[in-house]
Each structure stands twice: as structure tokens, then as C-alpha cells.
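Hi,

Here is the structure I promised to pass on. Have a look at it first, and then read my notes below.

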Amino acid sequence: MIEAVGLTKRYGDKTAVHNLSFQVRPGAVTGFLGPNGAGKSTTMRMILGLDTPSEGTVTIGGRPFRQTPNAPRQVGALLDAKAVHGGRSARNHLLSLAQLSGIPARRVDEVLGVVGLQEVARKRSKGFSLGMGQRLGIAAALLGDPQVLLFDEPVNGLDPEGILWVRNLMKQLAAEGRTVFVSSHLMSEMALTADHLIVIGRGQLLADMSVTDFISANSADFARVRTPDTDPALREKLSAALNGAGGQVMPEPDGALRVMGLELPRISDLAHETGVRLWELSPHRASLEEAYMRMTQGAVDYRSSDDKKSGLMEQARPGFAPPPQVPEVPQQGWYAPPPPAQGVQAPFAPGTRTAAVPPVPPAPAAPVQDPRLAPPVVPPAPQATAPAAAPTLSEDPR
Ligand SMILES: Nc1ncnc2c1ncn2[C@@H]1O[C@H](COP(=O)(O)OP(=O)(O)OP(=O)(O)O)[C@@H](O)[C@H]1O
């Protein structure tokens, strides 16, 4: 198990991680989510002893990484797939890591097989595609057959087949009772891979809960209603009736209405009473992506000025909230579940183990610490090790 308690990291006056406490348990895939700059990589680096916390502690199996005996056999990590000596073959890269940790050479061939790189094992890694580099990084993480695995964006650059392979690998590793902690920006992928989520924003914990709970706590179910597009007046008429009955009605870009606060039978009755024919009346549940967007919208550091959402916000008429930009979700039946309990659907609602992001206090003046300048005290996990520091083995002539 990985356990962080009050974990804080400051770089000069920049607080990258602030008072973070969480546990990552064995037997499950735990997704680590957060917008760009939220502090995910910094947290992973502190877990792996590559950055020293300014405050707080983080342990793996009860000990800080640097005090873990034979750490590469206990903990495997993929932090940066590009952190490979490009002139070295894939096999020699893994052999050098194995040698550092007393791992037998036959394990190198085993992991090359697991990640599907046998054919190119003797090729120099500088010719590898991004996806092949990711596979090599994953091989390095698996080298010591560790019980705890950390992956920072493991599907970055992988094609659909590779993404599916990583998904199945993560699930398999968790099913074997290992602790699997994986960061990703691909929400659709996380929804399929992770059992549990830890979400941070601006260095602080936003959520620590199962994927299912996260979606229901941070999304509002709604009904989509479509009137015949041949007669826009019908849409206005129905919209007024739904509003009058206490529903919240928002227009969608394609002309449909998004209705919250009214159950489907009630919407159907109101349409009947007002004499409006319906072309669609369907229930929708939010995706992980929508729930994530709702949760983190106040904790995003970087947003494009072309962001459609900001455009919609500017154009919104008074009294109309902009329709959230949600991806299409499959229809799940004809009747919407009852609306969530008051408050539960709101982002950061109390009682959901989520929290609004309070402003991060500025750090006291301190010299900027560049981890690249700090020599590691002990060799970290295989992939976290700077490969150039590993002893040079004779290169295969390809
Ligand atoms: N060595 C450093 N010196 C100064 N600031 C740093 C350093 N490393 C990270 N930061 C800052 O700390 C914050 C968190 O960065 P971090 O890389 O951990 O975020 P992240 O969640 O991994 O982002 P991304 O999703 O973009 O990879 C950022 O504002 C970053 O600029």
C-alpha cells in the first residue's frame, strides 16, 4: 500500500503539492487524475524518493521508498518513457537495470515478451516510436516483479491495440493483488481501467473514491427532449411548461432540450398536456469525463482561449446556464433514475469526500529546488533511474 500523509512540496514560492493525504490499496487499479500542473508527477516523484517532501510523508508498505530494502524488486515505475539511453538496445537497457538490482538476465527476456518487444529487443531504442518507448518503460517497471507499480501516463502514444493491452495489463496486475497507481488524462480509458480514483487540483485532494461514486457525486442525470424541428414554437412552448413545473431546461446546440429536475413520466405528461409531440425523450447518465470536468473546472491552471466552454459562457443569455459539453452517452432505458439527493450532485458537495480547492498558501521564500540537480541517494525504481547513470554495457551491433 502507498500512503501519503500531509504531503507537501514547494519549489521556491510555488506550492506544487499541498497537504495531500491518501492511500493506494492493493488489489485495485487506482487512477490518479488532475489537470495539467495539478501535481501528479511531483507526487509520484515523492513516492519514489526522487523529490523530497517539504512537509509530510509518503510510504510504500510502511517505509519511505529510500528505506525500502531492494526497492526495485518491491516497486516498479514508469515515469518518463523517454528516460532511456537511446544508443543502447532495448535488451541492454533492461539488462543494465536488472544488473543494478540483482535481477537475473532471464527475467529481461520474460518482460520483453510480456510487452511484445522481442522482435526489436536488439535494436537501439533511439529508433523506437513513442508507443515502443512506452512498452520499454513498462517492461522496466515490471522487471523486478514488484508488488507496487506506478505508471505516469502509460498509454501516452499508444495505438488502440496498445491502449487495450495496457488496460488489460493493469487489471491483471491488480487482480494478482498488486498495488497499481496510474495517472492519465484519458478519462474514457480511466473509466474502463480504474476501480478507484484519486483526483487532485492545484496540488490538493479533490476526491478519493470509487469510479462509480465519483461519477454519481459529480454529475447530474438529465433527460434529453427533442421536439419536431419543423416547428420551433413547439420547443419554446414545451420549454415554458417544463420550467413552470420546476424543471431546469437548457438548450443543446443541436436543438434538443436538456431537462433536469423532472422525471421522464412527468416530462411526457407535460408534453401531452401542452400538445407538443416528442421526437425524443431519453435518460442520460454522465460519463467519467463529464464528472471530471465538473469537479476540476475550478482547479484548471491552463485553458485555451479557443475553449468552446468559455465561448459558451460568454454567449449565455441571463438565466440560462450553458449546456455542459458532454460526450454522447448510450441510452440506458426509458425511465430516468430519480434525481440525486439535494446537494449530492453538486461538485464539492459535503459528505462526498470531495472538497473545494482553498487557495494554496504561498510558500516561504526558499531556493528553487531543481530535482535534476539533486543526486539520488539510492537507485530508485527501474524506470525512475536515470538510465545514463547505469553502468554501460557493450552494445549489440543490431
Ligand atoms: N522542479 C520544479 N521546479 C519548479 N516548479 C516545478 C518543478 N516541478 C514541477 N513544478 C511545478 O509544480 C506544479 C505541478 O507540476 P507537475 O508536473 O507535478 O504536474 P502534473 O499534474 O504532473 O502536470 P501534467 O499533467 O501536465 O503532467 C506545476 O506548476 C509545475 O510547474
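Let's start with strand E7: Thr179, Phe181 and Ser183 point one way from it, Val180 and Val182 point the other way, and all of them are buried. Put another way, 5 of the 5 residues in E7 (residues 179-183) are buried, so to speak "mostly covered". Keep in mind that this is a predicted model.

Which strands pair with E7? One is strand E3 (residues 28-33), which runs parallel to E7 and is joined to it by 5 bridges. If you want a spot to look at, find Ala28, whose bridge partner in E7 is Thr179. The other is strand E6 (residues 148-152), also paired with E7 in the parallel sense, over 5 bridges. There, Leu150 stands opposite Phe181 of E7.

Now for a pair of helices. The axes of H3 (residues 90-100) and H5 (residues 130-142) come within 10 Å and cross at roughly 25°. On the H3 side, the contact is made by Ala90, His93, Leu94 and Leu97, and on the H5 side by Leu136, Ala139 and Ala140. Sorted by class, that makes 6 nonpolar residues, 1 polar and no charged ones.

Finally, the whole chain. It has 12 helices and 13 strands, and 41% of its 398 residues are buried. Of the contacts with a separation of 6 or more, 74% link residues 24 or more positions apart.

Cheers

Key: Residues numbered from 1 in each chain as written. Predicted model: local features only at pLDDT ≥ 70, side-chain atom pairs only at ≥ 80, totals over all residues. Helix = DSSP H or I, 4+ residues; strand = E, 2+ residues; numbered from the N terminus. Buried ≥ 20, exposed ≤ 12 C-beta atoms within 10 Å, placed from the backbone. Contact = placed C-beta atoms within 7 Å. Axes fitted to C-alpha atoms, helices over the stretch in contact; angles between N-to-C directions. Nonpolar A, V, L, I, M, F, W, Y, C, P; charged D, E, K, R; others polar. Pairing = 2+ DSSP bridges.
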